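My entries follow in the order in which I made them.

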Amino acid sequence: GSTDYKSDQQFSQHIQKSSEAVSAFAKSRTLKQQRQFLPIFAVRDELLRVIRDNNVIIIVGETGSGKTTQLTQYMHEDGYSKSGIIGCTQPRRVAAMSVAKRVSEEMNVKLGEEVGYSIRFEDVTSKSTFIKYMTDGILLRESLGEPDLDQYSVIIMDEAHERSLNTDVLFGLLRDVVSHRYDLKLIVTSATMDADKFAKFFGNVPVFNIPGRTFPVDIMYTQNPCEDYVDSAAKQCLQIHLTPSQGDILIFMPGQEEIETTCDVIAERLADLEDAPPLAILPIYSQLPSDLQAKIFEKAPDGVRKCVVATNIAETSLTVDGIMFVIDSAYCKLKVFNPRIGMDALQVFPVSQANANQRSGRAGRTGAGQCFRLYTEMAYKNEMLKSTVPEIQRTNLANIVLLLKSLGIQDLLQFHFMDPPPQDNILNSMYQLWILGALDNTGALTDVGRQMVEFPLDPALSKMLIVSVDMKCSAEVLIIVSMLSVPSIFFRPKGKEEESDMVREKFQVPESDHLTMLYVYQQWKLNNYSTHWCNEHYIHIKAMRKVREVRSQLKDIMDQQRLPVISTGTEWDIVRKCICSAYFHQAARLKGIGEYVNCRTGMPCHLHPTSGLYGMGFTPDYIVYHELVMTTKEYMQCVTAVDGLWLAELGPVFYTVKSSSSTRGGTKQAVKAKLNQMESELAAASQKLKSMKDEAN
Ligand code: ADP
Ligand code: MG
C-alpha cells in the first residue's frame, strides 16, 4: 500500500509493521536446504580430511560462504565434541549471539543447551553445551584460569582478518598451546587474503580455500567529495528504490547515531512521496536490542524491499542474503589511542580500501549488484589506507598488559605478537598501570594488580572497586561500576523529550553523575525492581536488569576475592573520594566561567550535555571524568565533582599542594617534571631491556 505518515509515531509504526510482515512471511526453503546450498557444503568432506591431518589450519572463504555457522557443526558431526567443547571466537558480541542463535535453530536445539554463547556478563551455556560461540575476550579470560584451554577439543578463531586486539593476543598464546597439545584442533578463518601471514605465523600450516560463488559488482563513485553522507545516502537509497528494480539495499554508516538519522530521513522522504512502494527500513548496530537485530535476517514479503542500515558489523561478521545494492558512506568508528589525552577514544575514520572492497562485495552474493561509493575514485586510490591498522597498534594496552603479566609473561617486548605494538604503546600502558598501583617500580604485578586482573573491567574501574573496600563504601561503588558497564539507562522518546528530561532531573545529584546512577539504582531497588516504575521514569528496564545481573556477577568475584561489600550509608562524600581515587589521572579544573581544562595537559575540555552538571550553574573547581568523547570538541562524559586536596592526596605523582593557592602554574610544572622523570625512567628501562636482548642474541 501507499506509505503516507506524518509523524514520528507513524514512522515507528511503519517500521514495526514492516518488520512484523517480514516475520510473518514463511521461510521458503528449509534450514537443511539452506545449509546445503552454502559454498562450504561443496567442500565439506575434503575440508574435514585436511583437518584430520593437520592440527592447525587456516580457512579462507568469502563472507557468507558458511564458515561461522557450519564449521562448528561439521566438527561436531565429525566427532570432535566427544572429547571436548568446540569453541568459536568472534570479535563482536552481536555476532556471537546472533550466530549461536542461528546454529541452535539449524540443529533444532534450545539456545543455551547444546549450542550456547558467552559474552562479557552474559553466559548462555550449560553443562550440556558442546558448541560454544564467544567473544575473543572471553576465551582470553578463560586462558587465565586454564592456560592450556583443556576443556576445548577445537578452537575456531573466526574473523581473524579483523585483527581485533584480543584475537591478536590469543594468536600469541595459542601458538604455544598447540605446540604441546596435540589433541587440539586450531582453525583460523579469514575473509581476506591475509591468510598467508597467519599460515606463516603458525609455522607454515596449510591454507584451505573455500571456492566462492560471487557475481560482478558495478562500482560507482561520486564526481565530487560528498558533504553530507547521511543526506547523500538517503537520496541514493530512494533513487534505487523508486526505479523499477529488484533486490535489497544495504547502507553502511559509521555508528548508531548516523544510522538512526539515516533511517529517519529515508522514512520521512518516503512519506512525502505519493504511491511510493513499501520499504522495510531495518537498522543494525551493536546496542540495538537483539530481537530487533534478528529482523535483518528475515525475508521480506513479496513486493517489499528491505533496506538495512548497518555499521561495519555487516561487512564480514553478519551476512544478509538478497542484497543487490550497497551504499558506502566511507566511514567507520574505531577505537584509537589518542596521545594528546593519553587514552582511547572512539573516533570516526575513513575506511580502508580492504573494508571498502568487502562492503561492495556484499552486493554480489545473489546476483550481479551495484555499489554506490559516496566518495571519489581519487579518494579511494590516494587517501584510503590499503588495510586498517590492527587494533593492537592503535589502542591502549593496559588490560592486555595486566593479563599477560598475570600469565607470567614478564617481558612483554619479547611476547610473540604477529605485529608487535609500538613500544611506546606498551610503555604508556605500563605507566598507566603503575599510576593505578597495579605494577611496582620494576614493572612487576603488585597484589592490587593481581586482584584487578580478576575483574572483567577496565583497570580504573577494578581499582575503584578494590579501593572502595578500604574506604568502606564498596556496596555503593559496586552499583556504580555496574551501572557504568551498560550503555545508557535513560530514554528520551520522540515527542516526549521535555517530559522525560523533567523526570530525569529529579534523579540528579548535583555534584556527580556517578552518584546520580547510584541513586537511580537504589530507588529502583526500593521499588522492588519494578518494571512499571522504570517505564514511569523513562528508564530502560532491560538495561536496569542487566545492571542488576552485572552487579551480582561482580559481587561473586568480590566474594571469591574476600572483598567484603560494605555500605557507607548516606556518606556520599566518601563515595566521591573513592571515585576520585581511581580517576585522579582524568581530572579537569575550572578555568573561567563554565570552562574546564585538563589538569595534566592544560587542554580545554567541556562538560557533555548529558552530564547533570551541564548548564546547572553549579561549576565545581575540580572534577574527574569517566571518559572523553571526541566530536567537534573534547567532551567529558560522566563526571563527579572532587576536592582539589583529594587529587593531591590520591594522585601524588601528578598533583602537589602549593602553600599559596594561586600558583597553579607551579603545580603544573611539578606535575610535568614528575611526568618527564617517569618517562625517562621508563625509556631507560626499555633501553636496558633492549641492550640485554642484544647481548642475549
Ligand atoms: P561466513 O562466516 O562464511 O561469512 P556465515 O556462516 O555467517 O558465513 O553465513 C552463512 C549463511 O547463514 C548466510 O547465508 C547467512 O545469511 C546465514 N545466516 C547467518 N546467521 C544468520 C541468522 N542469524 N539468521 C538467518 N540467517 C543467518
Ligand atoms: Mg563469519
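**Overall contacts.** I began with contacts, where two residues count if their C-beta atoms, placed from the backbone, lie within 7 Å. Among contacts in the protein with a separation of 6 or more, 72% join residues 24 or more positions apart. The model is a predicted one, in which local features need pLDDT of at least 70, side-chain atom pairs count only at pLDDT 80 or more, and totals for chains, interfaces and linings use all residues. Residues are numbered from 1 along each chain as its sequence is written, while chains are lettered from A and ligands numbered from 1 in the order in which they are written.

I then looked up the elements, taken as DSSP runs numbered from the N terminus (helices are H or I with at least four residues, strands E with at least two). The protein has 25 helices and 21 strands. For burial I used C-beta atoms placed from the backbone: a residue is buried if 20 or more others lie within 10 Å of its own, exposed if 12 or fewer, and partly exposed in between. Of the 697 residues, 43% count as buried.

I sorted residues by class: Ala, Val, Leu, Ile, Met, Phe, Trp, Tyr, Cys and Pro are nonpolar, Asp, Glu, Lys and Arg are charged, and the others, Gly among them, are polar.

**Helix α14.** I asked how many of the nine residues of α14 (residues 398-406) are buried. Eight are, and the helix is mostly covered. The buried residues include Asn399 and Lys405. Among the elements covering the buried residues of α14 I noted α6 (136-145), α7 (165-180), α15 (423-435), α16 (447-453) and α17. Gly408 follows α14 and has a positive phi, near 90 degrees.

I took α15 next. For the geometry, axes are lines fitted to C-alpha atoms, for helices over the stretch in contact, and angles run from 0 to 180 degrees between N-to-C directions. The axes of α14 and α15 cross at roughly 80 degrees and come within 8 Å. The two helices are therefore roughly perpendicular; the classes are under 35 degrees for roughly parallel, over 145 for roughly antiparallel, 65 to 115 for roughly perpendicular, and oblique for the rest. In this contact Ala398, Val401 and Leu402 of α14 meet Ile426, Ser429, Met430, Gln432 and Leu433 of α15. By class I got six nonpolar, two polar and no charged residues.

**Helices α17 and α18.** At what angle do α17 and α18 pack? Helix α17 (residues 459-470) and helix α18 (residues 474-484) pack at about 165 degrees, with axes 8 Å apart. They are therefore roughly antiparallel. Their crossing is left-handed, a term for the near helix being turned anticlockwise from the far one by less than a right angle. From α17, Leu461, Met464, Leu465, Ser468 and Val469 meet Ser474, Val477, Leu478, Val481 and Leu484 of α18. This contact holds eight nonpolar, two polar and no charged residues.

In the loop between α17 and α18 I found Lys472. Its phi is near 60 degrees, positive in a residue other than glycine. Most residues other than glycine have a negative phi. Lys472 counts as partly exposed because 16 C-beta neighbours lie inside 10 Å.

I looked up Tyr117 in β3 (residues 115-119). Is Tyr117 buried or exposed? With 29 C-beta neighbours inside 10 Å, Tyr117 counts as buried. Beyond four places in sequence, Tyr117 touches Ala96, Met97, Ala100, Val124, Lys132, Tyr133 and Met134.

Phe121 lies in the loop between β3 and β4 (122-124). Phe121 is another residue other than glycine with a positive phi, near 65 degrees. Phe121 counts as partly exposed, having 17 C-beta neighbours inside 10 Å.

**Val230.** My last entry is Val230, found in α9 (residues 229-242). Val230 is buried, with 21 other C-beta atoms within 10 Å. Leaving aside neighbours within four places in sequence, Val230 is in contact with Glu258, Thr261, Thr262 and Val265.
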